[in-house]
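Subject: Structure handover

Hi,

Here is the structure I promised to pass on. Have a look at it first, and my notes follow below.

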Amino acid sequence: QRYAEGKAERLGLELRMYRGEVEELNGFIPDGSVDAVVSTLVLCSVEDPLKAVSQVMRVLRPGGRFLFLEHVAAPRGTRLYSQQRFFD
């Protein structure tokens, strides 16, 4: 967080970071008020991924960007699938 804040300050950008349940953004982030949403390895851990993405799209301004990094499960029966299940 400190890195992002410092970088934004050096670039003269306004940065606001929010933490919380992505499915519950209704209470504190208005529609179309966000330039960008960054999400890393999150959607696999939320109860309702569709609702989460819907909330992201709701808060983004027209032309806003949703930047995300996710992982997916390997096909069943593959070695990689077995390895992924091992860590669950």
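Let me start with L43: beyond its neighbours within four places in sequence, it is in contact with P49, A52, V53 and E70, where contact means heavy atoms within 4.5 Å.

Some ground rules. This is a predicted model, so local features need pLDDT of at least 70 and side-chain atom pairs count only at pLDDT 80 or more, while totals for chains, interfaces and linings use all residues. Residues are numbered from 1 along each chain as its sequence is written, and side-chain values use heavy atoms, with hydrogens and water left out.

On confidence: pLDDT is the predictor's own confidence in each residue, from 0 to 100. The protein chain has a mean of 88, with 99% of its residues at 70 or more. Helix α3 (residues 79-86) has the lowest confidence, at a mean of 85, and β2 the highest, at 95. Helices (H or I, at least four residues) and strands (E, at least two) are DSSP runs, numbered from the N terminus.

Now the core. L43 also belongs to the largest nonpolar core, which has 12 residues: V22, L25, I29, V34, V37, L43, V46, A52, V56, V59, L60 and F66. A nonpolar core here is a set of buried Ala, Val, Leu, Ile, Met, Phe, Trp, Tyr and Cys residues joined through side-chain atoms within 4.5 Å. β1 (34-40), α2 and β2 (60-69) each give two or more residues to this core, and α2 gives the most, with 3.

Q55 counts as buried because its relative accessibility is 7%.

One last item: the charged end of R85 sits over the ring of Y81, 5.0 Å from its centre (the rule asks for NZ of Lys or CZ of Arg within 6 Å of the ring centre and within 35 degrees of the ring normal).

Cheers

Methods:
Buried < 20%, exposed > 50% of the residue type's maximum accessible area, 1.4 Å probe, protein only.
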